[in-house]
Amino acid sequence: MQALNFKKIILVTTLLVVAVVAFIFFTRRKPVDFSAQVKPILNKKCITCHGGVRRKGGFSVLFRSEALAKTESGKFAIIPGDPEHSEMIKRLTSKDPEERMPYKHEQLSKDEIEILRRWIKEGAQWGDHWAYVAVQKTDVPSKPDWAINEIDNFIDQKLKEEKLTHSPEADKATLLRRVSLDLIGMPAPENISQKFLNDNSEHAYENLIDSLLASKHYGERWTALWLDLARYADTKGYERDDVRDIWRYRDWLINAFNKDEPYDKFLIEQIAGDLLPNPTDAQYIATAFHRNTMTNDEGGTDNEEFRTAAVLDRVNTTWEALMGTTFACVQCHSHPYDPFTHDEYYKFMAFFNDTRDEDSYADYPLLRTYNDSMQNKLTELIEWMNKNVSPQKAKEAYTFLKTWQPAYNTLRCDSFVNSGLSDTKWAAFRNHGFFRLRNVELTDRNNLIFRVASYKKGGDCEIHTDDANGAVIAKIKLDTTKNYDWEIEEAAIKATSGVHDLYFTYTNNNLKKTTDNGAMIDWLYFTENFPGEGKPGHDEMKTVYWKLLVADVPTTPVMMDNPSFMHRVSHVFERGNWLMKGEVVEPDVPHSLNHLPANAPHNRLGLAMWMVDKKNPLVSRTIVNRLWEQIFGTGLAETLEDLGTQGVPPTHRELLDYLSYKLMNDYNWSIKKLLKEMVMSATYRQDSKATDEMLQKDAFNKFYERGSRVRLSAEQVRDQALVVGGVMSEKMFGPSVYPYQPDGIWLSPYSGLTWIKSNGEDQYRRAVYTYWKRTAAYPAMVTFDATSHEVCTARRIRTNTPLQALVTLNDSSYLDMARHFAYRMQKEAGADVSKQISRGYEIIMYKPVSAEKLQALKELYDDAYSKMKNDADKTCEIIGEANEHNNPETAALVVVANAMLNLDEVITKN
Amino acid sequence: MTRDELNNQRLVKEANEKHLHFVTRRHFLKESAMGFGALALGSLLGGCHFGDSNSYAQTLFDPAHPLMPKLPMFPGKAKSVIYLHMAGAPSQLELFDYKPDLMKLDGQLCPQSLLEGKRFAFIRGVPKMLGPQAVFKQRGQSGAWISDNMPHLASIADELSFLKACSTDQFNHAPAQLLIHTGTPRLGRPSIGSWVTYGLGTENQNLPGFVVLTSGGRFPDAGKSVWGSGFLPSVYQGVQCRSEGDPVLFIKDPQGMDRDLRKASINAINQVNKEEYKEFKDPEILSRISQYEMAYKMQISVPDVMNINDEPQYIHEMYGTEPNKASFANNVLLARKLVEKGVRFVQLFDWGWDTHGTSPGDAVDIGLINKCRQIDKSITALILDLKQRGLLDETLVVWGGEFGRTPMQENRDGKQMMFKGRDHHTEAFTMWMAGGGIKKGFSYGETDEIGYSAVSGKVTPFDMQATILNQLGFDHEKFTYQFQGRPFRLTDVSGTVISDIIA
């Protein structure tokens, strides 16, 4: 016994010694990895007090230069190569509780201190956070036997590390439903699904994917996602929340996705389409991405304040939605955790700050969309000007006719004397009053075109330079405009050179009281007389010009930069306060990321080029991570909105990088190709059944040992019900529609807007076409976690509440869809009730219903039927009208259909 | 359910919930040992701590049981809140802030010193001063000044704590309402009711935790954002209950679907779901099953609690309610019923207090008196009713607008106006609180002799929010949620608990 124990001790000791030696041998050889080992400790234990805003004791671990600098005490916290004299190590190990760091918190573990000690010994090399380093080509792990493409190799590697195994492939029906919901956001159209179910070839699944990717419904599904990022809405937001016509941007997105516009081009057009050479209407409309910011029409609000709010929102959205970085912190102070400084925020803001939009009521600048005949006239006019005047003038005329820019909005007028900004929107004249418009470029201008509404005959307006009594450069007669509505007029101005403050005076003795408004001006465009005097066709072309200029045409808010004479200077805002303007800044990108490409201009176009530069570490990773989340339920890095040091570290960083590299280099930014790779993988095709063991080892399926199960999005819940009910309208594009919603949802003060239910097929359009009012968004969808779109939603948080059940159980829309679903079951399955229910189940799930489920549903039918058969009123109420379906059998089936649309497996993507 | 039964249920729930808390915690610990789950959720909840805040927020949001009752940071005196917001901003000068000196200045031109550097929504040029358009008396033991516009409320002056020197920095309705309810004049942040339901959950799972009731024919200017959940999960947004139409959207069974049939269909749904669970073992299926059961119960309990017809006659007389009509008084009675049933936060918005003097309806000597009549009886009844039910001590009642009114008469666009009105004013207004551990018969803060600005005891929206959270058991500086890379809190970066008014 004794001897045996002794032997045991020797054996154990020997093993231990071997282990320790091996440990020292192997670990000593590999230097400490800053990003993997050191940075997590600094971030978790040090940075809250020693980084960004807080630099207690004058010590910060955010940047290497800061960490190696002398601290307030005069000592160096970190002396590279000399841990024993580094104050940091002394403080971490001190016995004195007043000295020991982290102050008043638990001491670092021995391992942690050892890592820091070794790191300092090895020279305290800094490394960048993974997401801020350019994407490199990644080695692919070896191929397991179950793999279909490289994604599986990466997944398999982690599964093995975690001692987990993959699941078998899901059955055909499950795959069909899963991939349809993922790629087109709704069940596949019947021709596609039937083809797949009947196709037994080895390419059946791939053919299915190709058909879905080619479906016109693909664009609608991915647009719904993008609208969250773009904070798209059909209203302007804030108190009045009035109408905004911006749905052409939604349609642009659908087309772009359907055409599989490369993601780099897709971004360039949305960020800076207006700055591309000779931008097309579509390129202008793409820029409405950043015109989805809110506009405040409440009387008395400061337009500059809300212009600034919109610009800040563009900055934050660009970072959060497109670069997975929470940049808003930097608005008030340097980033506490990530390498961005306070002034870099404002340098970045400067890219967006020099635009023409100014919180005006009309949402200027607007792109004016002409009909075909007008467009032909415009082409003719521009060709004439190119030939007879100059390409420069032709371009100016084109821009002005298409956008009414660059005009001065009178909301920027000041020095009002017996005049004022009516409803803080338009400069309004009263008798013997005047106002001022500052800094107007007058060189080479002899003509003024302006938009005016005048209420009293006999108004005389004069424009004076530099003083209300200064030289008169224009005298304008203002008679009443038609219906007192806005009109565009012109006036000659005396040639003057240079930049001047202009004073607009007004007299009108027909106004009885000094406090009555006589006229209002919206905008002023200083230009030259219509050029080409004496050239053939001049008079005719001038008429065309004016016809096009005043034409009442549909518009879309777009981005447009100020011309140089309207340039807006950008400042740092002290502590984030827009009224406290600090130093002047020029547009630039943060120092810690890639530089602006050499050929990139310092404007939004340059910014867009920088974003899609292959050296940009964030753009490709962010979109790959987002698409992965859409397909697999959770991002490879869960925090889509934050890939920075405070985001959740990716579960499969190498895979994220692998796909990001591939997207840029092999796929030339094709989103369809990337999605195809994801849904082709064996990882994606796995069955989603869990076992107790799986739940214990990997409850959240972080390692993809099985298929993911996710509740459908708000849009998918609606679209699926429309499709299975057989009522979904195939109509695409156009103004947003008004499906049924209960009364009393819209009650904005000071706005006469009402929800008028759409007729006919517009009642059954896909969710993406639903009218979106910011202050009162469509309630059935909001309940399923759709957001108001006041600001960008980088990730929807899925919830599970009883209010969701109430929508799909009781909302009249859903009852209506259930009715149509029941009619369809009857039509397709004949008279037998069990067959009808089975058919219904098959329509949704593509597979036969189990006996147990069928029994539960059949019992519900029997229950309902027994109630209906002797109750003609109830029957008619369920059917809704006394039509051919008004019989107890159908009514009972509607009750079953209503239940079926509420099944967990129906509102879950399995 | 009687009060006692509810209390018993509450105790059982608290015990269960402590257990759940423990289980959840253990679950998280286990997960973090494995490296992921806790982090994943932590990021949603405030995983990083800017400064020294403790890890309180870590376990607040459980996606499967988001409204499960939770304990506050420390035992709070109040368990629920009824917040009465008078949208449009009532005039303090005709209600609670008595300024005899202002009467002497009536009709005189406003001195330049009050106008220089100030921004007003509508006043232009030099307006005239406007004396108080109401008769004031001192009331009760406390001697609080309350005008004859509120005769009923005057009778319970000794129950109230007045904040006489409230101020804000927003002079337009929508931003000012947002500031007072969400801590910022911009959109996008959670409302106070959302914060509270996020932090405390709710005690009656058959009712929403945060209920909003509106009256006056319009929503508040800032729209639904004043009860929105901002960046918190949407489950915490206020649920608007309506006194006309469905009390909660989609709560009513479709026509022809009676309760038995609804029950049968939910049974069938859940039976199929159980079959599905056998196959997939996804815990989310189980929570779906319980949500459907809960939805069924809500369909009974919501219409039940929203029905005031069965209240005894004396209650109707006390509140001045008129069953089957939409009115503020009805909403006040509903607020009492909801709180009694365990709803955490009830928010009332009454529109129509914007007394500019452009018409009789918005004149401080005509329209305002009508508005006061619409609320006076019911809010008085609310305090008395809560008291007689022993609920006032644990229910915090808050009354106020989004800003105050000017001591000057409004002269919109520089013109003399037909009626007596006052413009928006940021520097002084009165709010009051009652119950929920607040001093009785107390007044805090003072304005100058014309009621233009605070001279002592100035209170900001943040101070108010900090105080409400404090009464519920939250340190407003530590009650945070991680969003856009930093922990956000209701009070942004300021706010001090108004300790003087705490009993």
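**Chains A and B in a predicted model**

Colleague: What percentage of the 910 residues in chain A is buried?

Modeller: A residue is buried if 20 or more other C-beta atoms, placed from the backbone, lie within 10 Å of its own. Of the 910 residues in chain A, the buried share is 51%.

Colleague: How many helices and strands has chain A?

Modeller: Helices (H or I, at least four residues) and strands (E, at least two) are DSSP runs, numbered from the N terminus. By that rule, chain A holds 31 helices and 17 strands.

Colleague: How far apart are the C-alpha centres of domain 4 and domain 5 of chain A?

Modeller: Domain bounds come from an automatic or database domain assignment. Domain 4 of chain A covers 401-553, and domain 5 covers 713-783 + 800-910. Their C-alpha centres are separated by 56 Å.

Colleague: Which helix of chain B gives the most to the side that touches chain A?

Modeller: Two residues are in contact if their C-beta atoms, placed from the backbone, lie within 7 Å. On this basis, 73 residues of chain B are in contact with 80 residues of chain A. Helices 2, 5, 7 and 8 of chain B each supply at least two residues of that side of chain B. The most, 12 residues, comes from helix 7 of chain B.

How values were computed:
Residues are numbered from 1 along each chain as its sequence is written. Chains are lettered from A and ligands numbered from 1 in the order in which they are written. This is a predicted model: local features need pLDDT of at least 70, side-chain atom pairs count only at pLDDT 80 or more; totals for chains, interfaces and linings use all residues. A residue is buried if 20 or more other C-beta atoms lie within 10 Å of its own, exposed if 12 or fewer, and partly exposed in between; C-beta atoms are placed from the backbone.
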